[in-house]
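User: I have a model open and want to talk through a few parts of it. Can you take my questions as they come?

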Amino acid sequence: MSETTTARETPGAGTQERGLVGRLLVGLVRVREASIFVVLVGLALYFQAANSAFLSEQNILSLARFAVPYVVIASGLCLLLICGEIDLSVGQSFAFAPIVMYLAYEKLFLVLPLAVIVGLLAVALVGLVNGVVTVYLGVSSLITTLGMFFLLAGLNVTLTGGFPATTPETNLLTQALGEYAWSGTIWAIVIVAVLQLVLARTRWGLHTYATGGNPLGSREAGVSIARIKIGNFILCGVLGGFVGIIESFRISSIDPLAGGPDIVLLCIAAAVIGGTALLGGVGTVTGAFLGALVLVILRNGFTLQGISAYTYNIILGVAILIAMILNVYVARLRGAGRE
Amino acid sequence: MENGNTNGSEFLRVEGVVKNFGAVSVLKGVDMHVKRGEVLGLIGDNGAGKSTLLKTITGFHRPDGGRILVDGQEVNLRSVSQARALGIETVYQDLALVNELSVFHNMFLNSEMTVGPFLNNRKMKEHTQRYLEDMGVNIPSIDTEVARLSGGQRQAIAVARAVYSDAKMLLLDEPLAAMGAKEGALILDLIQRLKDERGIPMILIVHNYAQVFDVCDRVNLLRNGRIEYDRPVAETSVEELTELVVSEYRKARAGGSGE
């Protein structure tokens, strides 16, 4: 075991015979996250060389704040993807939770902490409905959550009359929930760390892998795959809603249109680039986290260079394709290592 | 085997069990019993309902009629976990192993050892290592993903897992399917040892009748939703069993050749 551990920490160690490329390849094969980490560092170096403002304090802060929603949503999606399901509506939950919170605060005159809880309960209910319809009614989650996407999009606009609203005024809670410059980043890091721990070290995590890897076999072994799937649907929705609340306090505005298709598709891309299998059974939150950072750095770096959003999309598309081809190739290399 | 209530007394009794899937009636009143220390071979044509019968005994399916008695007590199994609590363990045809997980995580799937909220990986590894050695199962490393193992190794792990948690009875669905001669011998050997050393009663679904004679004490034929033939292995032969199954086929062909 100690041998595999060291191999994980220092990719390619102990293979002096091979050249640098060979060693790198071995490293990439051993640790899925290593490849995406290499890409991340490479991108950072490139953008810093192209524009020295990239690693300035100001830009790092803006990167850190901009990445928060993507990192958190990609992490939640990661667990759901691993257990073999998907949530296309999580971007709309991202917009929905702050709206419900706002209405509970302004129209129902609840105190803010209670209003926040009501907002989170609303997105938990969304996750529950997604999960129950998918698991018990047998509708593919792609369709369930596509329907939920439009339902919430309509609700978000209807509930607000289509206009952005201003968040409740500053107090300690709003500071902690996003107004303080680093609060969102701290939340994101804590969430990634906790979720990775849950995934790698708890029964819930193990059963999440098992459910996605072999649903029938898991059921035969007595794993309650319905509970695992519905739980991860709820988790994904609540995380999306929670980071939506954080984001709304950061920009002091509640935007009914914040949940467009862009955000959820980017987060799925982040998880997939980070090594999560769309068919379930494989992936890590750490990988999804790195994948989200890569996407955010790409956009930020291109913006600094004055490259348009159109070009960004072209490059993003190519990046996803390359990442996927690499994943298949790496999986084949791993397969070749057997027997 | 020391105390009087072991070998020879009845462990499992199935009475008039019925199972329908929609309009299709698969089990139409199955009567069956297994004694302690006895290995029962269950044969029957494809689609006869052998796997359905096994999954009904193991709590995966709920019967639509009849009763199941364990140790003389009627039980109402609602889940696989309930059957496991009674000591009835199953090795399914698909083995119920998760390819993406390591050997030791598969060994403890759904009965993981924990420290507080966390998995106790070290303890699970120790137990797996020791246990597989005891059972004479050879695996290159218990850290490897199950996907990397051969069919025989996977089957051995599935059997070891089923027996591990103090199994009082073992149900095996085609344990020798899709296996080479050498690997098949390994599994037969494992089954034989479980029978000799632990006296665990078993039901084995088998297709190759020669193998029935290697390890089974008694053989049951499931046909038309019922057990139509029940005989000790000593009183029958491969030829007779083959003839039993084939004659039905000939009859069906003769009756249906009206075109």
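This is a predicted model: local features need pLDDT of at least 70, side-chain atom pairs count only at pLDDT 80 or more; totals for chains, interfaces and linings use all residues.

User: Start with the contact. How many residues does it take from chain A and from chain B?

Analyst: Chain A gives 20 residues and chain B gives 23 residues.

User: Which helices of chain A each supply at least two residues of the side that touches chain B?

Analyst: Those are α10, residues 203–213, and α11, residues 215–220. The largest share comes from α10(A), with 5 residues.

User: What classes of residue are on that side of chain A?

Analyst: The side of chain A that touches chain B has 8 nonpolar, 8 polar and 4 charged residues.

User: Back to α10(A). Why is it described as largely enclosed by the rest of the structure?

Analyst: Because 10 of its 11 residues are buried. Among the buried residues of α10(A) are Arg203(A), Leu206(A), His207(A) and Tyr209(A), and the list also includes Gly212(A) and Gly213(A).

User: Staying in chain A, how do the axes of α4 and α12 cross?

Analyst: The axes of α4(A), residues 57–82, and α12(A), residues 225–250, come within 8 Å and cross at roughly 175°. An angle over 145 degrees counts as roughly antiparallel, and the two helices are therefore roughly antiparallel to each other.

User: Which residues make that contact?

Analyst: From α4(A) they include Arg65(A), Val68(A), Val72(A), Leu79(A) and Leu80(A). From α12(A) they include Phe233(A), Leu239(A), Val243(A), Glu247(A) and Arg250(A). By class, the contact of α4(A) with α12(A) has 13 nonpolar, 4 polar and 3 charged residues.

User: Chain B now. How many helices and strands?

Analyst: Chain B has 8 helices and 12 strands.

User: And what are its dimensions?

Analyst: The C-alpha trace of chain B spans about 65 × 40 × 40 Å along its principal axes.

User: What percentage of chain B is buried?

Analyst: Buried residues make up 41% of the 259 residues. As for contacts in chain B between residues at least 6 apart in sequence, 69% join residues at least 24 apart.

User: What is Arg161(B) in contact with, leaving aside neighbours within four places in sequence?

Analyst: Asn106(B) and Met107(B). As for Gly47(B), it is 114 residues from Arg161(B) in sequence and 27 Å away in space, C-alpha to C-alpha.

How values were computed:
Residues are numbered from 1 along each chain as its sequence is written. Chains are lettered from A and ligands numbered from 1 in the order in which they are written. Two residues are in contact if their C-beta atoms, placed from the backbone, lie within 7 Å. Helices (H or I, at least four residues) and strands (E, at least two) are DSSP runs, numbered from the N terminus. Ala, Val, Leu, Ile, Met, Phe, Trp, Tyr, Cys and Pro count as nonpolar, Asp, Glu, Lys and Arg as charged, and the others, Gly among them, as polar. A residue is buried if 20 or more other C-beta atoms lie within 10 Å of its own, exposed if 12 or fewer, and partly exposed in between; C-beta atoms are placed from the backbone. Axes are lines fitted to C-alpha atoms, for helices over the stretch in contact, and angles run from 0 to 180 degrees between N-to-C directions. Angles under 35 degrees count as roughly parallel, over 145 as roughly antiparallel, 65 to 115 as roughly perpendicular and the rest as oblique.
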